[in-house]
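Reader: Hey, I just opened this one and I'm new to it. Can you walk me through it?

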Amino acid sequence: MSETPKSSAASTSEESQLPAAPERGPVSLWLQQQGFEHELLPADHVGVETIGIEPMFLPVIAAALKGYGFDYLQCQGGYDEGPGQRLVCFYHLVAMSEVVEGNGGQVREVRLKVFLCREGEPHLPTLYGLFRGADWQERETFDMFGIRFDGHPHPKRLLMPEDWKGWPLRKDYVQPDFYEMQDAY
């Protein structure tokens, strides 16, 4: 039994429905020129360039970007793509010294994303040594998603009690029936 080939019109309409590959932005071009491998991701809803990075390369690329002018960690956080899927850790960097000095009208910013397998103990290197503002933000991401930050000077829960079981913002989290506060006073 032989299959009939698809018509060229049908294949053309299928190809036009595929999302277009994201365009390489200025930060991605600079990283490519410096020899840093990364994944090109679509820009966010306001046009901020987004770049995917392997966990082991995060500190090196973040340090390079800091040297390139991205001297402020505006936000670090995490999210869960869904049960059985990946955990994501993101870093939003801004070239703040350019804003303070009044250079240009548009703020340079970039978002780095690190995709982690949820199985086992997901971990990646801390950026605390580069950006002191990562301290509590990484602790919150650990507390809510269970992502460990290797080399962090205060690797403990921030919001939940120390003896809390589980990671409350993971989409597969099952809330306990009750939690008894001990030594509350």
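**A first walk through the chain**

Author: Buried means under 20% relative accessible area, exposed means over 50%, and partly exposed is in between (1.4 Å probe, protein chains only). Before we go on, this is a predicted model, where local features need pLDDT of at least 70, side-chain atom pairs count only at pLDDT 80 or more, and totals for chains, interfaces and linings use all residues. Residues are numbered from 1 along each chain as its sequence is written, and side-chain values use heavy atoms, with hydrogens and water left out.

Reader: Ok, and where is Glu 119?

Author: Glu 119 is in the loop between β5 (109–116) and β6 (123–125). Its C-alpha atom is separated by 9.5 Å from that of Gln 85, and the two residues are 34 residues apart along the chain.

Reader: Zooming out, how many helices and strands does the chain have?

Author: There are 5 helices and 7 strands. Helices (H or I, at least four residues) and strands (E, at least two) are DSSP runs, numbered from the N terminus. Along the sequence the pattern reads α-α-β-β-α-β-β-α-β-β-α-β.

Reader: What share of the residues is buried?

Author: Buried residues are 36% of the 185 in the chain. The accessible surface is about 11800 Å², and carbon and sulfur atoms hold 53% of that. Those areas come from the Shrake-Rupley method with a 1.4 Å probe, and for residues, only the protein chains shown count as cover.

Reader: Switching to helices: at what angle do α2 and α3 cross?

Author: Roughly 110°, and the axes of α2 (residues 26–33) and α3 (residues 58–67) come within 12 Å. Axes are lines fitted to C-alpha atoms, for helices over the stretch in contact, and angles run from 0 to 180 degrees between N-to-C directions.

Reader: So are they parallel or perpendicular?

Author: α2 and α3 are roughly perpendicular to each other. The cut-offs are under 35 degrees for roughly parallel, over 145 for roughly antiparallel, 65 to 115 for roughly perpendicular, and oblique for the rest.

Reader: Which residues of α2 and α3 meet?

Author: On the α2 side there are Val 27, Trp 30 and Leu 31, and on the α3 side Ile 61, Ala 64 and Leu 65. That contact divides into 6 nonpolar residues, no polar and no charged.

Reader: New topic. Is Gly 146 buried or exposed?

Author: Gly 146 is buried, at 4% relative accessible area. You'll find Gly 146 in the loop between α5 (134–145) and β7 (148–150). Leaving out residues up to four places away in sequence, Gly 146 touches Pro 122, Thr 141, Trp 167 and Arg 170.

Reader: Which helix is Thr 141 in?

Author: Thr 141 is in helix α5 and is buried too, with a relative accessible area of 3%. Besides Gly 146, the contacts of Thr 141 beyond four places in sequence include Gln 76, Cys 89 and Phe 149.

Key: Contact means heavy atoms within 4.5 Å. Ala, Val, Leu, Ile, Met, Phe, Trp, Tyr, Cys and Pro count as nonpolar, Asp, Glu, Lys and Arg as charged, and the others, Gly among them, as polar.
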